Every structure is written in C-alpha cells, then in structure tokens.
Amino acid sequence: MGKKIIPWGISLFLLSPCIVLVFLLHHWAMPSWGELFWALGNSILQSFFSALFALGLGFVVALGAIRLSPERFVLKSIFDILCLVTQFIPVVVSLVAILNLIEPFPNGILGMVIVHVFLNFGLAAILLSQHMKTVWGETSDMARTLGVTRFLYWRKAGLPLIKKELGLIFLYLFSLFFTSFSVPLIVGGGRGTTLEILIYEKMRLSLDWSAAVVLAWVQVAFIFILSFLAIRNRTNVTPRNANIQWLGSYAGVFVLLILMASLFAGYSSGLVEGWIQRRDLSLYMNDLGWGFLNSIMLGLITFVFVMVIFEGLSWVGIIPEWLDRFLNGYLAPSTSLTCFAFLILLPAEPIWSYFKIPLAFVILSAPALYRMGFGERLKDLHHQIEQAKILGAEDGAIFNEVTWPQIKSHARFLGALVATWACGDFAVARILSTKDFTLGLITQTLLSTYRSSLASVVSVLLLLACLSCFFLIMGWDYVDRRKS
Amino acid sequence: MSIVENLEVKREDYTLKVSKWEILDEGIHVLSGPSGSGKTTILRVLMGLEKDAKLSWKFLGENLAELPVEKRRLGVVFQTWDLFPHMTAMENVEFAARARKLDETTLKKRWEWIREILKMESFLDTPARVLSGGEKQRTALARALIAKPRILLLDEPFTALDESLRDAARDLLKQVVEMDKVPAVLVTHDSRDIEKLATAQTKIDEILTK
C-alpha cells in the first residue's frame, strides 16, 4: 500500500507550489502590462548576457581543463575544485567577495551579469570539458595524424561538433539565471528588477497577491518551455579516455587562476577592512550568536526532511517509470514561487520559519538530488531487490537490510549538501521569515546597507556554520557506518 | 509434473507465447535455446517478476501464478548471482533464512548440511563483493537452497565462471539437487550443461506458440 502512496505523495509535494497557484487562479488581477514587460525584459536580458559570457569564459577555462593531464590527479582535482567552489560556498560569501572587489559596484543588469558570470563560468567549464572529451575524443586522434593544428581543429571541427552541446549548456544557464533570486535581490537594484524580484515585491512588500499569481504563471510558462526544450535535446555524457590534451590550452588555467585570485583578494580586503571596523559589530553580538545556532538548526532540519524523501524512495525500491521520468525531467519551480506557496499554506508565526524554509529547500533541491546519482544508485539495486523478493523478504526487511544500508551514505552526503546550502541561505529565508534570524540574513542586510566590510567578517562566521553543519552530518554518518 | 499454461509476454517489438509446458518435478529440467530467444523472460514470468495475468502454473495442486513473488517460495540463481555485496557470504544466506522465517532447528540442520556440501567454511565471513566467481556461485546456491524451495530456477549459472571451474560447478549442482531432492529448471544455451545435467530437456522452439 505504502509503495503506491509514497510516489504519489512525493510528486504532489514537489508540485505543491504549482497546485497552490492553480487554486489561486480565481483570485487574480492583471498587473500593469508596462511593469510585466519591463521585468520580463530585464529577466531575459540579464539571463541572455549572463549565459553568453559564462559560456564564453567557460569555454576558455574548459580548454584549460582538457590541457591538464589526467595522470596529474592532484592538480586536476584542485582545478575542478576551483571551478566548482562558487557552487558549494554560500552565494552571499561570493557576493561579499565580488562587491569588495569592484567598487563602486554597478547595480542593475550589468551587476547581475557580472555576478552570475563569476559564480557560474566554472560550472560551464566543467560541463563543457566533459562534452569535449566525449565528442572531440572521437576525431582528435585522426586529426592529429593528419597534422591538423589546434586552431584549425577548433575552428573547423571542434566548435561545429559541439554546437548542440553549447546550445544545451546555454539553455541550462539561461534557465538558471532566469529563475535566479538571490543575486538580483542584492545587486539588481531598482533599475534591474527581474520577474522573480517583482513576484517577491508583489507578495511580500506591496501584498498584491492577485498580481503575484499572474506573474508567477508567466514565469511557470517560461520555465516549462525552457525545460521542454532542454529535455527534448538532452544528450548523455559518457566521458571517453581519448587523449585530447593537445587540443587544450594553458590559457584556460591562467584565466581560472586570475579570476579566483581576484575573488580571493576581494574577500580578503573586505575582511581586513571589516576587522578594523569590528567594534561596529558589538551591537550585533547577541544576534550573531543566535544567528549561528539558527543557521545550523535550519540546515539540520532540512537534512531531516531530505532524508524523509530519500527513505521514502528507498522504501519504494523499484521506482515506477513515471516517477523516474518525472524526477529526471522536472525543473524545480523558482525560489519565489516555491516560497509563495508556503507563505500561503503555513501560518506566519516566526516558529513556522523553521519548517517552511527547510520544506522549500526540499522542493527546490529534490529533483536535482535525484539526478545527482541517487536515482541511478537506486536503479543499480533493482536486481538485489528482486532477488530479496524472490527469497521471500518483506518490504521492511528489504529496506532495512538490502536497500538502505547500501544507499544511506550517498543519501546522507547529498542531504548534507542541501543542509549546507540551507544553512548559508538568505534568499528563501528573506521571503519566508519576518526578521534577520540567520547569519545569511544578517550578512545580506549588511550588504544591502553598503557595509560590505562588516558583511565580510560575518560571512566568515557563516562559512564556519556551514562547515559545522556539513561535518556534523558527515561525522554522524561516519560513526553510524563504523557501528554497523 | 508441474504444468505451465497460457504464458504470454508482450513487448514493443514481439510477443512471447507458451500455451503449455510440462516441467519435471524431480531432477534437472533444461530449457535450452539460442541467446535472445526468450528463455530468461520465461523464467522471470515464472518468478513473478514480469506480470502475466493469464498465466497458470500448477505445482502439486497449487497455482503458483496466483501467489505474489515472495510467497512462491522459489530458489533462484541468476547468471550474475546478484549477491548482496555489503553482506558476507554467511549473512547472504542468513538473510534468506530470516526472510522465510525458518525455525532455529531446521535452519541449523540445513545450514550445516549446505555449508559442508558446498564447502563454504573458508569464505563464510568474507564480504560478497570480494568473493571469487566460484565462491559467489556457491553462496548464491546456498542462499537459494537454505529454505528448501519448491523449485530451483537457474538462469545460466555457469556462464560467468571460468571454463576451468565449470565442470566442478556442474558436478556440485547435480550432487546438491539429487541429495536435496529439489526439482530444478535450468536455462542454458551451453550443450555441455545439457550433456552433463539434463534429466529432461525442452528446446524453447518446442513450446513457443507462433
């Protein structure tokens, strides 16, 4: 019975923001066309240029990635970590670094493009380098024997061969930036209001929910079209071991090093300046202490919720095909839309923030987590689950002795990632809470009031909280594994 | 004799139909045929892993097709053995015994007999993932037999073994089946299996309905 209910329950939960919107359909009022087109235009413009430049820079850095010999494992790992570091540290920490680096910072569309590019060119580089290894790997040896130069290969074969992959990564980045909330919230400014920010303003600041519903529907339609295009053209990456090193360039490595060094310099300079002004923080000492604890608490509650979903899926064991397709193809709703649903569904008392924020994070991250290996690992256990059934094992025994012991560590690692993300968040919490009760929110308030040096100091605490949250979970997992 | 009737599996590009197939209820009944002819699919339907609403499988007056997978009480050895890699050889067998809720006395008696006949002593505490091919096969066989199954279903169990180990494995299987008096269905395309093991043989073409 549970095996039938759980898949439906999970799907309905993940779709709940859209379902809430359906029920609110009768309660709509058209926002002014001028405002709608202005915000939509800003969203498209910033997403387009952010994706374009992130892809361009990512291409150069990807050439660096394929230039490094796979045998130099340590160097390659450091390179990959540098590329992905902005994906793992809280957005607000990267923002602090960038705002300290570029002064005065050009808020608006240009500002959003700069930050988006800084945060995502590394991800684009990693994705592109995987495609290069697959696609270029098929022809690179032949080209080499023909005496083709690197530049000629890029121009005549390399770029035309990965045209489709470039388009797909562009589409992926575009949708990522189109639904971006945290970056426009801080650096968008009045001139750069995007659709996502307009929805937030309507529901949180002007309390015009009727207009927010219409804007949210426009956004859902856009996301649907983007995800449809992405799924239709999706290709599978199976990295090959072909030697394409000669097609790479050390220029990519230097570009990455320069950009990361400048990010680090920006962060350090803010930190030094903030340390000099540290007395100004004495006013916040109490808030910082509670903020630290609350941030970790939010992370841990998020972890528990993520585990409930993972345990539910593991209990089901053999995931029905429709649910597998749904989880693989579903693009989570935007931050503001998800938060909108919880704003309406759950009470406004501060205590509820401890549930609303983690639940929103689960909705925002669950499909991505499924695609990050959880689904595949569960599929790998199909034969064992079937074998256990043939042996006569009951559902509880299959879950406790076959499925969960083999998948729990990976599930906990993924859960720890989301918990860390929730711990360092300010965007979801800004919509769903009424006061600055986490370190992320305090940092954002300092940034928004042009005290980026102090924000740098608080962000160190935030990083500490995130690390504590991550290692608390992984430490517990380690102890549990040792025990069993 | 157990009788399989009205077996039908529909796929996108083909349909597999068996109107009637009589299986011996003693010794090893071999189902042979070339690769890709549907032997494994037939076995999966019998196990209950593929749905077939019309299937009837009469065994000692009981229709096994009406029972869910876990109640059919079949012993199965797959080509890849499908051991639980995080458990030791012994834990794999114990898991099967617990699943079938064997009482302590029966378990002790059967377990002693099985581990001796299958010569498992040296690798009982070894995690399944590091067992050799032959050890994996013996563990899989022990796991399938521990709860005295109604029928033992074997899906090309020697294919993944080195050529040099296959003859010994065949002898062992024959010995176990004879001593335990458990009827077995062996799916294979290897003529050596048929030659050494078959009490009866059915070629898949003989039972498929065109």
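**Entry 1: contact between the chains**

I count two residues as in contact if their C-beta atoms, placed from the backbone, lie within 7 Å. The model I am reading is predicted. With that cut-off I looked up how chain B meets chain A. I find 15 residues of chain B in contact with 15 residues of chain A. On the chain B side, β6 (74-77) and α2 (89-99) are the elements that give two or more residues. The most comes from α2(B), which gives four residues. I then sorted this side of chain B by residue class. It divides into nine nonpolar, one polar and five charged residues.

**Entry 2: chain A overall**

I turned to chain A. It has 21 helices and zero strands. I checked its radius of gyration against the globule rule. For 484 residues, a compact globule would come out near 23 Å, and chain A has 23 Å, so the two agree. Along the principal axes, the C-alpha atoms fill a box of roughly 70 × 70 × 50 Å. Buried residues are 45% of the 484 in chain A. I also looked at sequence separation. Of the chain A contacts with a separation of 6 or more, 86% are between residues 24 or more positions apart.

**Entry 3: confidence in chain A**

I read the pLDDT next. Chain A averages 88, and 96% of the residues score at least 70. Confidence is highest in helix α13 (residues 285-316) of chain A, at a mean of 95. Helix α6 (residues 140-145) of chain A has the lowest, at a mean of 72. Where pLDDT is low, the predicted coordinates should not be read in detail.

**Entry 4: helix α20 of chain A**

How many of the 10 residues of α20(A) are buried? I find eight, so this helix (residues 439-448) is largely enclosed by the rest of the structure. Among the buried residues I note A:L439, A:I442, A:L446 and A:L447. A:T443 and A:Q444 are buried too. I looked up what covers them. The cover includes α4 (91-101), α9 (182-187), α13, α19 (427-432) and α21 (452-483) of chain A. After α20(A) comes A:Y450, with a positive phi near 60 degrees.

**Entry 5: a cis peptide in chain A**

I found a cis peptide bond between A:E103 and A:P104, with omega at about -5 degrees. A:P104 sits in the loop between α4 and α5 (109-137) of chain A.

**Entry 6: the open sheet of chain B**

I traced four strands of chain B in an open sheet, in the order β2-β1-β4-β5, with antiparallel pairing. The edges are β2 (15-23) and β5 (62-63) of chain B; each has a single partner strand, so one side of each is left without a neighbour in the sheet.

I took the pairs in turn. β1 (residues 2-10) and β4 (residues 56-59) of chain B pair over three bridges. Here B:I3 stands opposite B:K58, and B:V4 has B:W57 as its bridge partner. Two bridges join β4(B) to β5(B), where B:F59 stands opposite B:E62. These two strands form a hairpin with two residues between them.

I checked what lies on the sheet. Helix α1 (residues 39-47) of chain B lies across β1, β2 and β4 of chain B, and runs at about 110 degrees to β1(B).

**Entry 7: strand β8 of chain B**

Is β8(B) mostly covered or mostly open? It is mostly covered, with five of its five residues buried. I checked both faces. B:A184, B:L186 and B:T188 are buried on one side, and B:V185 and B:V187 on the other.

I then looked up its neighbours. Strand β3 (residues 28-32) of chain B runs parallel to β8(B) and is joined by five bridges. Strand β7 (residues 151-155) of chain B also runs parallel to β8(B), with four bridges. B:L186 is the bridge partner of B:V30, and B:L154 stands opposite B:L186 as well.

**Entry 8: positive phi in chain B**

I listed two cases. B:L60 is not a glycine, yet its phi is positive, about 50 degrees. I place B:L60 in the loop between β4 and β5 of chain B. It counts as exposed because it has 9 C-beta neighbours inside 10 Å, and the cut-off for exposed is 12 or fewer.

B:R73 also has a positive phi, near 50 degrees. I find B:R73 in the loop between β5 and β6 of chain B. With 16 C-beta neighbours inside 10 Å, B:R73 counts as partly exposed.

Key:
Residues numbered from 1 in each chain as written. Chains lettered and ligands numbered in written order. Predicted model: local features only at pLDDT ≥ 70, side-chain atom pairs only at ≥ 80, totals over all residues. Rg over C-alpha atoms; globule rule 2.2 N^0.38 Å. Buried ≥ 20, exposed ≤ 12 C-beta atoms within 10 Å, placed from the backbone. Nonpolar A, V, L, I, M, F, W, Y, C, P; charged D, E, K, R; others polar. Pairing = 2+ DSSP bridges. Axes fitted to C-alpha atoms, helices over the stretch in contact; angles between N-to-C directions. pLDDT = per-residue confidence, 0-100.
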